[in-house]
Amino acid sequence: MTGIWSAVLVLGITGAIFAVVLYFVAQKFKVVEDPLIDEVAEALPGANCGGCGRAGCRAMAEAFVKQGNMEGLSCPAGGAEVAKKVAAILGCTPEEKEPEVAVVRCNGTCANAPAKTHYQGMQDCAFANSLYTGESGCSYGCLGLGNCARACQFDALSIDPETGLPVVNEDKCVACGACVKACPRGIIELRKKGMKNRRVYVACRNKEKGADARKSCSAACIGCGKCAKTCPFGAITVENNLAYIDFNVCKLCRKCVAECPTGAIHAVNFPPKVDRPAQPQPEQPVSQSQAAPVNDGSTTNA
Amino acid sequence: MKTFAMGGVHPEENKISTTAVIEEFPLPKTAVILMNQHLGAPATPCVAKGDKVKVGQLIGKAEAFMCANVHSPFSGTVAKIDSCKDAFGLAKPAIYINVEGDEWEESIDRTPDIKRECTLEPKEIVDKLKEMGVVGLGGATFPTHIKYSIAPDKKAEYLIINAVECEPYLTSDHRVMVEHAEEICIGVNILRKALGVPKAYIGIENNKPEPIRVMTEMAQKFEGIVVEPLKVKYPQGAEKQLINAITGRRVPSGKLPIDVGCVVNNVGTAFAVYEAVQKNKPLIENILTVTGKKLQAQHNYHVRFGVTYSDIIAHAMSEGLPETTGKVISGGPMMGKAVCNLDGPTTKGASSVLVIDEGEAERAVESNCIRCGKCMNACPMGLEPYLFSSLVKNRRIEEAGTHNILDCIECGCCFFSCPANKPLLDEIRLGKNLYRGILMAKKK
């Protein structure tokens with residue numbers, strides 16, 4: 001019996017001593033942290049995707065609280081909803097930011113850019129890019145080894161086995177930009193979602209001269225400049241044999257799409273074209289038009 | 001018999017073109033001369049469209065420090081100066097030449113006599129090598145004059161001539177030693193003079209009895225040249241391994257051979273040095289092995305740079321590429337690179353056109369690492385390839401850097417010995433690239 005009492009006594013006394021020591025130590029080395037940080041971190045999505053350019057959601061929360069407002073800071077994964085929550089905690093107005101989505105600017109499907117060589121090395125775009133041009137011979141096109149899909153934390157990107165190109169799931173894409181960083185050839189771009197989710201863009205990055213570009217891919221931009229001449233808003237610039245549509249200027253008229261001789265310009269999520277529609281049919285509900293988009297060989301899903 | 005201490009493998013030798021005498025390769029109709037045929041910055045074209053050029057005329061001038069002059073291997077007219085897709089499909093600056101006749105610069109001595117005396121001073125020799133655009137012909141195409149511009153606080157003690165040719169299939173060094181032994185010895189003595197070292201060692205693996213015999217007989221006529229037969233083991237032809245095999249010294253991590261008093265040159269470079277210094281002939285051609293198990297005839301050619309791979313295939317294989325060809329490789333099977341654009345031109349570094357059959361070219365299916373450690377045993381640099389594999393895959397590049405990923409010489413022993421067929425060398429190459437990028441960014 002005494003054995004138990006002595007054990008209880010010894011443990012109790014050491015416990016009490018340590019408790020006192022720990023209390024003072026905790027007081028001495030107390031880290032004062034703004035309780036707001038916890039609150040903001042709670043409001044953030046918690047995916048640690050790194051899309052904001054910080055180490056994770058916690059680091060972003062610290063940045064928010066340190067700055068005290070939301071100027072220049074935004075969580076691309078959370079979007080407007082999270083921005084509102086964070087603004088409420090910080091007591092400021094959320095910064096307006098138009099929603100964006102990842103867009104794959106390559107047209108080199110297996111049909112358009114048939115493989116001339118066979119690659120068996122490491123299944124990693126960064127390595128293949130340092131080694132050679134790619135199976136189609138286009139040194140600007142998608143290598144199809146899926147670095148972007150692996151980088152995506154939101155399961156929004158996958159490689160389509162039929163085309164060999166990445167496909168963006170627009171519902172899941174939060175425009176965090178991880179895929180943009182992962183692509184060694186800079187093929188993926190974040191573009192504004194646009195009105196009713198509609199977008200017009202040049203699905204090519206090839207800066208070679210037209211004839212050379214056509215050799216490796218039948219749907220390459222050949223830099224002919226027809227689109228730039230047609231565009232009534234001056235949204236298209238041609239530089240280094242490659243056209244680029246500025247999404248801030250583009251009014252989605254789609255004149256360039258009809259003009260492009262190689263079909264390098266993609267228009268996505270537009271309703272199917274009837275013979276000569278002056279305007280989109282007003283009675284057609286938006287949801288339906290999104291469910292059945294014109295997918296003229298485009299690489300995005302609705 | 002000597003060999004290097006750590007790691008190494010024994011791939012099948014397959015030296016089937018050793019008896020093929022070096023032939024002159026015919027002139028093509030057009031040629032494309034790349035401006036960066038060497039390690040470093042591209043040369044700047046110094047001719048214009050429509051200019052007439054002669055063989056040996058300077059057409060690309062070295063302006064950067066790490067650069068080498070490029071001379072025209074052909075006579076004719078400059079058709080255009082444009083970018084050209086090289087053998088790997090990457091666009092490089094190039095000069096296109098329409099070949100007309102074969103008119104050489106008058107300054108080049110084309111007589112077959114051997115010129116034995118070299119009266120130039122060491123400094124003049126290095127300048128001559130720079131002027132003639134000589135680069136290392138062992139594969140890395142490092143400009144030779146830079147190797148010989150040794151910092152004043154360092155001193156060379158040994159000149160080592162790399163005649164190991166440890167890569168399977170390749171026989172260009174073998175043939176050049178058998179056919180041009182005297183020229184090589186003169187070239188070696190010129191290099192020895194440029195360095196001011198008393199002795200030069202020529203390392204030859206003992207699977208080449210004929211070159212060993214010929215070179216030993218020839219070396220006896222020259223002072224200061226020792227032929228050193230070596231035990232066969234891949235990658236003995238790697239600079240650091242050869243130094244270790246011959247001198248017993250080890251080049252520390254991140255250091256150069258000169259830090260342990262050694263300078264290593266390929267035997268092909270020694271021949272090019274002889275031609276450049278004694279015959280005034282710029283580096284415009286190389287000896288190239290055309291080989292493959294399925295080919296009807298094996299060849300060794302004197303090929304001028306700028307001939308395309310398809311020209312070589314058309315000339316060497318009367319029946320065309322065998323139908324079962326899986327890969328055409330520039331270089332050896334261990335370290336060479338598969339050619340993906342056969343219309344690309346050959347460059348100063350090309351040492352072979354190797355035709356590999358489908359079955360052999362196919363990579364085996366990859367499975368999981370079983371931590372057997374064979375890659376570590378095989379690594380001649382004492383690295384841990386399996387570790388790099390997972391670090392690079394997970395993009396923990398800086399950690400790979402702390403495990404000395406940059407020491408990898410890319411010999412491929414790890415990949416060769418891996419029972420799980422993991423693409424270890426690919427992963428390490430990627431890791432090295434990414435780590436170099438990180439170091440560059442840190443410097444800025």
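Two residues are in contact if their C-beta atoms, placed from the backbone, lie within 7 Å. With that in mind, enjoy these close-ups of a predicted model.

**View 1. Chain B meets chain A.** Here twelve residues of chain B are in contact with twelve residues of chain A. Look for helix H14 (residues 424-443) of chain B, which supplies five residues, the largest share of chain B's side. By type, that side of chain B holds six nonpolar, four charged and two polar residues.

**View 2. An open sheet in chain B.** Four parallel strands line up in the order E11-E10-E9-E12. At the edges sit strand E11 (225-230) and strand E12 (262-266), each pairing on one side only. On average, neighbouring strands are turned by 25° against each other, direction ignored.

**View 3. Strands E9 and E10 of chain B, with a helix across the sheet.** Strand E9 (residues 158-162) runs parallel to strand E10 (residues 200-205), and four bridges join them. Helix H5 (residues 209-220) of chain B lies across E10 and E11 of chain B, at about 160° to E11(B).

**View 4. The largest nonpolar core.** In soluble globular proteins, nonpolar side chains tend to be buried together. The largest such core in this model has 206 residues, and Ile160(B), Ile161(B), Ile202(B) and Val202(A) are among those with the most contacts inside it. Helix H4 (residues 181-195) of chain B gives nine residues, the largest share of this core.

**View 5. Around Ile160(B).** Which residues does Ile160(B) touch, not counting those up to four places away in sequence? They are Tyr201(B), Gly203(B), Leu242(B), Ile243(B), Ile246(B), Cys262(B) and Val264(B).

Methods
Residues are numbered from 1 along each chain as its sequence is written. Chains are lettered from A and ligands numbered from 1 in the order in which they are written. This is a predicted model: local features need pLDDT of at least 70, side-chain atom pairs count only at pLDDT 80 or more; totals for chains, interfaces and linings use all residues. Helices (H or I, at least four residues) and strands (E, at least two) are DSSP runs, numbered from the N terminus. Ala, Val, Leu, Ile, Met, Phe, Trp, Tyr, Cys and Pro count as nonpolar, Asp, Glu, Lys and Arg as charged, and the others, Gly among them, as polar. Two strands pair if DSSP finds at least two bridges between them. Axes are lines fitted to C-alpha atoms, for helices over the stretch in contact, and angles run from 0 to 180 degrees between N-to-C directions. A nonpolar core is a set of buried Ala, Val, Leu, Ile, Met, Phe, Trp, Tyr and Cys residues joined through C-beta atoms within 7 Å. A residue is buried if 20 or more other C-beta atoms lie within 10 Å of its own, exposed if 12 or fewer, and partly exposed in between; C-beta atoms are placed from the backbone.
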